[in-house]
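These are short notes for a colleague who has not looked at this structure before. Please read them with the sequence and the model open.

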Amino acid sequence: PQVPSNSKPMHLGMFEIGRPLGKGKFGRVYLAKERKTGFVCALKVLHKNELQTGRVETQLRREVEIQSNLRHPNILRLFGHFHDSKRVFLIIEFAGRGELYKMLRKAGSFSEPRAASYVAQMASALAYLHKKHVIHRDIKPENILVGSHGEIKLSDFGWSVHAPTNRRTTLCGTLDYLPPEMLRGDSHGEKVDLWSLGVLMYEFLVGNAPFEDTPIETQKRIVKLNFKIPDFVSAEAKDLITRLLRLDPEKRLPLDQVAQHPWILKHCSKPQTAREKQRNNHQR
Ligand SMILES: Cc1cc(Cn2cc(-c3c(Cl)cnc4nc(-c5cn(C)nc5C)[nH]c34)cn2)no1
């Protein structure tokens, strides 16, 4: 089925609304199907009055502007948007297997091969964003969905901006993923996403975030880089986490080196085609 056409204005009547998929701070998401084409999508419904009181219109406008122009297999597509007198509607790609954080909570933690596959996909999505000088700034399990083939889909660009920048909006929600430069309110660039990728990788493997504590203690531990990696985590995984969790943004491992890190290559090397096997055997 075709993606909804942008040629004529969209409206709610174009969609058959299905079951609720989830709810966030400012609205809900429903399964939806465009009547004409049968195209299945997720419809995020946000209430204008709540957006006004929450003073999040700017973030919503930025989310729509940025996410509509992104095309990457590990970034959730935003196909379009429309509004009526009371609500704003976002037409979003439907991720067939749902929210990653629910899988993480259920599993407790992920195996190293599974975590490595997710870190590699995140590195690919972030490399694409950073090439466009977009920083996500809110990488965490709650903002990652899983597609019907098990691939991950980075979503929720409400905090994304064009780099470099400094924050003007008050932080809310968990501090666990914030790099020291954002905690201090300093100007910051794309490397904030490298720090969050290190926190994400730690949480995949350990089951909780590295600086998890009370909000005050978490901030103290972040700026002092006070975290410990349990012994059950392999040496290669420890090495990659410590190369991402660096106080100095310039010292964090660049994304192209994340993709080439031994821990990633060990778990994510593409299965060789018969021809590649044949070629490698001849070269031996
Ligand atoms: C408001 C608001 C709610 C949320 C969190 N949220 C995201 C979804 C969601 C989206 Cl945007 C796209 N595809 C989804 N697929 C699922 C899903 C699939 N299964 C099998 N189970 C679920 C759940 N959820 C999707 C729902 N809620 N952000 O802002």
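1. Strand β1 is the largest contributor to the shell around the ligand, giving five residues. The model is a predicted one, and the points below should be read with that in mind.

2. Two or more residues of the shell come from each of β1 (15–24), β2 (27–34), β3 and β6 (98–99). The residues around the ligand number 17, and those that come nearest are L21, G27, K44, A95 and G96.

3. K44 has a polar side-chain atom 3.3 Å from an oxygen atom of the ligand. In A95 a backbone N or O atom lies 2.7 Å from a nitrogen atom of the ligand. The protein buries 84% of the 620 Å² that the ligand exposes when taken alone.

4. What is the make-up of the shell around the ligand by class? Six of its residues are nonpolar, five are polar and six are charged.

5. Helix α2 covers residues 57–68, twelve in number. From first C-alpha to last, α2 reaches 16 Å, close to the 16 Å expected at 1.5 Å a residue.

6. Which residues of α2 are buried? They are Q59, L60, E63, V64, I66 and Q67. An α-helix has 3.6 residues a turn, so residues three or four places apart point the same way.

7. The cover over the buried residues of α2 includes the strands β3 (40–47), β4 (78–83), β5 (87–92), β7 (134–135) and β10 (161–162), along with helix α1 (48–53).

Technical notes
Residues numbered from 1 in each chain as written. Predicted model: local features only at pLDDT ≥ 70, side-chain atom pairs only at ≥ 80, totals over all residues. Heavy atoms only, no water. Helix = DSSP H or I, 4+ residues; strand = E, 2+ residues; numbered from the N terminus. Expected span 1.5 Å × (residues − 1). Buried < 20%, exposed > 50% of the residue type's maximum accessible area, 1.4 Å probe, protein only. Contact = heavy atoms within 4.5 Å. Near = heavy atom within 4 Å. Polar contact = N/O pair within 3.5 Å; in protein donor to acceptor, adjacent residues only side chain to side chain. Areas by Shrake-Rupley, 256 points an atom, 1.4 Å probe, with all protein chains shown as cover. Nonpolar A, V, L, I, M, F, W, Y, C, P; charged D, E, K, R; others polar.
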